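Biologist: I have the model open next to the sequence. Could you walk me through it while I ask things as they come up?

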Amino acid sequence: MVNIHVATEICKNTYVESDVETDLEQDSNIDYRTTGDSGADHTNKIQKVTVYGTNDVEFKEMKISMKYNGIHTSVCVNLAHLRYKRTTVLQNYAIPILLSGRDMMAKTPTGSGKTTAFVVSILSCILKNLSDINDDGHPSECFEPLAVIVVPTIQRVKNVYNVVSRLITNTELKCEPLFKISSVPDPKRKIQNGIHILISDPECLAGIVSRGWITFSKLQIIVLDDVDLLLKAGYKPEIEFILNNQTMVSTDKRTTVLFSTTVDKDVQQIAMTYLKSNHISIDVEEMVKLEEAYTTQKTNY
């Protein structure tokens, strides 16, 4: 297998070039790519990763923290059962950042492993704090999800739920995928029965919120996946309704995460409005296949 080489530009003009697979052999034996992603083969591509909003020292501290107090044991066990072996380039950056609690916007191509990146991070953060939440004498799961994942299509709801359901095996976490209120038998009862993680499209989620079936008073993290597609589908009013809801916790009390294949002015506006000022941005850019690069190099001689 051909190694992935990544040119990493971290802000403050720090430039680092590394062999990602060599780094991962030292840090992890888990491959988060195996389940729930598009299956596209990026192992023969050169990927340029540009990271803004942090520096190399702070990022190394995030990785050290992840190594010793990061991915929850239950999640690691489930990843091992699913035969994950190695992180993708995006996951190598996104997971430490999200586990540190920082807001993040990632521009990344299809097949980058983003689904598993945010699912692993969400589950680990919730599981680490779950006992404290449940000790306050109130049922944390009823009407008050701890994490919300907003996606543009019904199929995407199902795909993300497939990843979450496998990785919460043998944990206390409960997850519900909701996409059409009329298609779910007694959806209000399903929510009342307990949810920690809710996956939905904007239209369904806005409908649930407007009916008063859930509140965001205990929300820890919200992910807007494929933001460019959400906006192109005309979901901006629903997104603003959700994020500006009177029960929504303030930005300083939650982690907000955006993923997008493209970043235009509309996506940038969402980021500027709803992410913390110290958020981190990741730009994963696919260059050319290594074989093409070698061919070009030979031609130039």
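Biologist: Which ring does the charged end of Arg211 sit over?

Modeller: The charged end of Arg211 sits over the ring of Trp213, 5.6 Å from its centre, where sitting over a ring requires NZ of Lys or CZ of Arg within 6 Å of the ring centre and within 35 degrees of the ring normal. This is a predicted model, in which local features need pLDDT of at least 70 and side-chain atom pairs count only at pLDDT 80 or more, while totals for chains, interfaces and linings use all residues. Residues are numbered from 1 along each chain as its sequence is written, and side-chain values use heavy atoms, with hydrogens and water left out.

Biologist: And how many aromatic pairs does the structure hold?

Modeller: The structure holds 2 aromatic pairs, counted when rings of Phe, Tyr and Trp (its six-membered ring) have centres within 6.5 Å, with planes under 30 degrees apart called stacked, over 60 edge-to-face and the rest tilted. The rings of Phe59 and Tyr93 have centres 5.2 Å apart and planes at 20°, so this pair is stacked. Phe59 lies in helix 2 (residues 56–69) and Tyr93 in helix 4 (residues 89–99), 34 residues apart, and the pair thus links distant parts of the chain.

Biologist: Are Phe59 and Tyr93 buried or exposed?

Modeller: Both Phe59 and Tyr93 are buried, meaning under 20% relative accessible area, against over 50% for exposed and partly exposed in between (1.4 Å probe, protein chains only).

Biologist: Why is the pair of Phe118 and Phe259 tilted?

Modeller: The ring planes of Phe118 and Phe259 are at 45°, with centres 5.6 Å apart, so the pair is tilted. Phe118 belongs to helix 5 (residues 114–134) and Phe259 to strand 9 (residues 255–260), 141 residues apart. Phe118 counts as buried because its relative accessibility is 0%, and Phe259 counts as buried at 0% as well.

Biologist: Switching to strand 6, which way do Cys175 and Pro177 point?

Modeller: Cys175 and Pro177 point one way from strand 6 (residues 175–178), Glu176 and Leu178 point the other way, and all are buried. In a regular strand the side chains alternate between the two faces of the sheet. Strand 6 pairs with strand 7 (residues 197–200) in the parallel sense over 4 bridges, pairing being assigned if DSSP finds at least two bridges between two strands. The bridge partner of Cys175 in strand 7 is Ile197.

Biologist: And how many helices and strands does the protein have?

Modeller: The protein has 12 helices and 10 strands, taken as DSSP runs numbered from the N terminus (helices H or I, at least four residues; strands E, at least two). Of its 301 residues, 51% count as buried.
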